[in-house]
Structures are given as structure tokens and as C-alpha cells.
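This report describes a protein step by step, for a reader who has the structure on screen. Please keep the view open while reading.

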Amino acid sequence: MAQAPRTRRPPRAPSPRSVEALLERRYGKYPDESSGPVLDQLVWFLLSTRTTVENCDAAYGALRERYPTWAAAAEAPPEYLGECLRPAGLWKTRAANLRSSLAAIRERFGSESLEELRSWTDAECEAFLRSLPGVGLKVARCVLAFGLARPSFAVDAHIWRVTRRLGWHSLPGEAPSERGADLLQELARGSRDILSLHVNLIRFGREFCPSGEPRCGACPVAAGLGCPGAILGR
Ligand code: SF4
């Protein structure tokens, strides 16, 4: 009797802990160093959306050089701010959001400082940050994680795509839905070092698993742990 052809089962999704350990061996741990004022972090992450790290750094550097204090930046005409923000692109929107955010922070805390957030709960911090102009869920969670050392996990397009290919979720879209971001945050909270996992997944996504053709043949996760996305070609 003829035998039915064998079908190869896709590998199971590797566990977040096993991926975390593999990526840490490859890329190392994110340095555990003081992040400085919370507002500095917020402004940097505000400028980091839809641009490269290099352009964000250039815009942030120009801003700090011209306005050594956030109070001075808050008083600056939008076109002056815009001159600094040009390297990051979208400078009119960024300048308007920055001015409005600084004004809202002054109104809430009496000065251009977010240090009071250090005594707030995660949920309170996230809600306040998201109330600021131009601050979405990803930026708010970056500030929580990098500025306030909270167990927060920001999901960008790289992390969203890579984790779907790894089988950690099956939600569609190029960018994470709020439900998807919450789901991945819950998963990531089981990791030993949530900041390193965030940074290393982005590095890994850029190096091996970009939005175009993933380099599955060279992928260390596929070789060491298996990846359902490699078989399915998602
Ligand atoms: S095997 Fe391919 S799809 Fe899976 S994580 Fe590696 S590069 Fe991405």
C-alpha cells in the first residue's frame, strides 16, 4: 500500500525566555545606567518617531545646544524650535507637539519637569504621558521603560513583525494594535531583562528579519530554537 507523503510540521514558537537568552548571547545586555531626567527621555522619544536614530540625535542635540533648559524651549517661537528639529523631519508638527507638551507639563507640575512621575503608578504615568500631544502608546511605554525603569515593553514595527513570525501572536497589520501591544507586554514581563529584550529584538529584526525578505537561512533563532515563520514564509 502506498504511503501518504509525510508533511513536515512547522516548529513550535520558541519561548520568549529562550529567545531572550539567545539574543543576549549575540547582542549583549542593555547597559543598566542612569537615564537622567524623565523629560529628556520624553523629548528624545518624541523626536525618534518616523526617523532614524541618527537624525533624532541630530535634532535633539541641536535643541539642547540652543535651549539648555526646557523652560527656554517652551518660550521659543515654533519656527526657532523647528530650525533645530529639521534633521528629524516633520518639524512643524514636532515643534507644535513639543511646545504643547511642555505647556501641559508646566500646567500640571508647575515647571518643565516630569520627575514627579517617579512616585506615580505605571498606569497613572502611562495615562498622563498619553494625554500629551504627539505621545502615543509606544512613546509612553518607552519613557516608562527607559526613563522610569518600569516593567514596560514598547512594541515598534520591528518587534511586531518579528514576534508574529516567531509565533508569539497572530494579529495582522504592519503596526501593533493596542490589544497586540498589551499582549506582547504581558509576554515580555516574563523575561529576566525587559529592556534588553526590547532593544535586542529590534536589533535582530533589522539584522535578520526585516519587513522585506527575512534572512531565514542565516537566522540564529531558526538554527538554535526553530521559527514557525520561516517554514510558513510569513
Ligand atoms: S527564521 Fe526567518 S522569519 Fe523566523 S525569525 Fe528568523 S529571519 Fe525571521
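Predicted model: local features only at pLDDT ≥ 70, side-chain atom pairs only at ≥ 80, totals over all residues.

## Helices α2 and α3

Helix α2 crosses helix α3 in a right-handed manner. Helix α2 covers residues 38-48 and helix α3 covers residues 53-66. Their axes lie 9 Å apart, and the packing angle is about 130 degrees. Angles of 65 to 115 degrees count as roughly perpendicular and angles over 145 as roughly antiparallel, so α2 is described as oblique to α3.

Which residues of α2 and α3 make the contact? On the α2 side they are V43, W44, L47 and S48. On the α3 side they are V53, C56, A59 and Y60. Sorted by class, the residues of this contact are seven nonpolar and one polar, with no charged residue.

## Overall build

The protein has 13 helices and zero strands. Along the principal axes, the C-alpha atoms fill a box of roughly 85 × 35 × 30 Å.

## Two domains

The protein is divided into two parts: domain 1 takes in 16-31 + 154-232, and domain 2 takes in 38-148.

Where the domains touch, domain 1 supplies eight residues and domain 2 supplies five residues. On the side of domain 1 that touches domain 2, the elements giving two or more residues are α10 (178-188) and α11 (194-207). Helix α11 gives the most to this side, with three residues. By class, this side of domain 1 consists of five nonpolar, one polar and two charged residues.

## Helices α7 and α8

Helix α7 spans residues 122-130, and helix α8 spans residues 137-148. The two axes come within 9 Å and cross at roughly 130 degrees. The angle makes α7 oblique to α8. The crossing of α7 with α8 is right-handed.

From α7, the residues that meet α8 are D122, C125, E126, L129 and R130. From α8, the residues that meet α7 are L137, A140, R141, V143, L144 and L148. The contact of α7 with α8 holds seven nonpolar and four charged residues, and no polar ones.

## Helices α9 and α11

A further pair is formed by α9 and α11, whose axes are 9 Å apart and pack at an angle of about 75 degrees. Angles from 65 to 115 degrees count as roughly perpendicular, so α9 is roughly perpendicular to α11.

Helix α9 makes the contact with H158, I159, R161 and V162. Helix α11 makes the contact with L201, I202, F204, G205 and R206. The residues of the contact of α9 with α11 divide into five nonpolar, two polar and two charged.

## Around the ligand

Which residues come nearest to the ligand? There are 14 residues around the ligand, and C209, C216, C219, C227 and A230 are the nearest of them. Elements that give two or more residues to the shell are α9 (157-165), α12 (220-224) and α13 (228-232).

How does the shell around the ligand divide by class? The shell has eleven nonpolar residues, one polar residue and two charged residues.

Note on methods. Residues numbered from 1 in each chain as written. Axes fitted to C-alpha atoms, helices over the stretch in contact; angles between N-to-C directions. Helix = DSSP H or I, 4+ residues; strand = E, 2+ residues; numbered from the N terminus. Parallel < 35°, antiparallel > 145°, perpendicular 65-115°, else oblique. Left-handed = near helix turned anticlockwise from the far one by under 90°. Contact = placed C-beta atoms within 7 Å. Nonpolar A, V, L, I, M, F, W, Y, C, P; charged D, E, K, R; others polar. Near = placed C-beta within 6 Å. Domains from an automatic or database assignment.
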